[in-house]
Amino acid sequence: MSVPSFGVGTFRLTGQTVIDSVRSALELGYRAVDTAQIYGNEADVGQAIAESGVERAELFVTTKIWTDNYARNTLVPSLRESLTKLRTDYVDLTLIHWPAPGNGVELVEYMTALAEAKALGLTRQIGISNFNIELTRQAIAAVGKDEIATNQIELSPYLQSHALTAFLKEQRITVTSYMTLAYGKILKDPVLAQIADKHQATVAQVALAWALQLGYAVIPSSTRRENLASNLLARDLRLDADDMTRIALLERNGREVNPEGLAPVWD
């Protein structure tokens, strides 16, 4: 199993905005696209992909199952609906979007249903999102460590989650970083600005390069073509040991996303 290290995210983008963003990303060379049922944009993403002219086999498409569809009798039908919207016979990766403890569906039930979706050929790989260490352990117990391709979690220079990322690395589960720019808050950080100046790069490129050098996959989004193009350049930016040490010191548990009833108790 493998997860591309660089993709385009679509959170909070809908309608023509997301169509244009995905179309631009694909034209620029992105080949991984991340969406979710709750984003309400799967049909728009599907349209952008269909109109791009890029062969389906060249793409890596990720979607996420929403909490309303976790029950064993609803998860697979909901994924089939997602496939229809995305205009594809399969997705490359399907994630459980939030652990949603106490929502009435046990973890073993939705993880087993997700594994069934893979067995049916609806998704090539499966994984989790926003799971803490204990819930990741439970997911491993439910379907097996080798079945979990990634845990997609919020990470940024302000939220580094050392215990969780170390555990995932130990389990050989890919870490996918979302909100790597912390809703843009890091763009004004003076330390990151100094590092960016040193490398003649942007702060966004520095943050993305930081995540990539730690072995994480990243899925930044943008409505602007120039930003999508600029973000891609982070793949070629090499930060030195001093840069990485300075960024490590920016940790402040700066979590941006923590919805009550959906999020776990964080490690």
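Which residues have the most contacts inside the largest nonpolar core? In this predicted model, local features need pLDDT of at least 70, side-chain atom pairs count only at pLDDT 80 or more, and totals for chains, interfaces and linings use all residues. Residues are numbered from 1 along each chain as its sequence is written, and side-chain values use heavy atoms, with hydrogens and water left out.

The largest nonpolar core has 86 residues, and Ile96, Trp98, Tyr110, Met111 and Leu239 have the most contacts inside it. A nonpolar core is a set of buried Ala, Val, Leu, Ile, Met, Phe, Trp, Tyr and Cys residues joined through side-chain atoms within 4.5 Å; buried means under 20% relative accessible area, with a 1.4 Å probe and protein chains only. Helix α8 (residues 203–213) gives the most to this core, with 8 residues; helices are DSSP runs of H or I with at least four residues, strands runs of E with at least two, both numbered from the N terminus.

Strand β4 (residues 91–96) has 6 of its 6 residues buried, so it is largely enclosed by the rest of the structure. Strand β3 (residues 60–65) pairs with β4 in the parallel sense over 4 bridges, where pairing requires at least two DSSP bridges between two strands. Thr62 stands opposite Leu93 of β4. β4 also pairs with β5 in the parallel sense, over 5 bridges, and Leu95 has Gly127 in β5 as its bridge partner.

Ser129 lies in strand β5 (residues 123–129). Ser129 counts as buried because its relative accessibility is 1%. Its side chain reaches the backbone oxygen of Gln152 at 2.8 Å.

Note on methods
Buried means under 20% relative accessible area, exposed over 50%, partly exposed in between (1.4 Å probe, protein chains only). A polar contact is a pair of N or O atoms within 3.5 Å; within protein, one must be able to donate a hydrogen and the other to accept it, and residues adjacent in sequence count only if both atoms are side-chain atoms.
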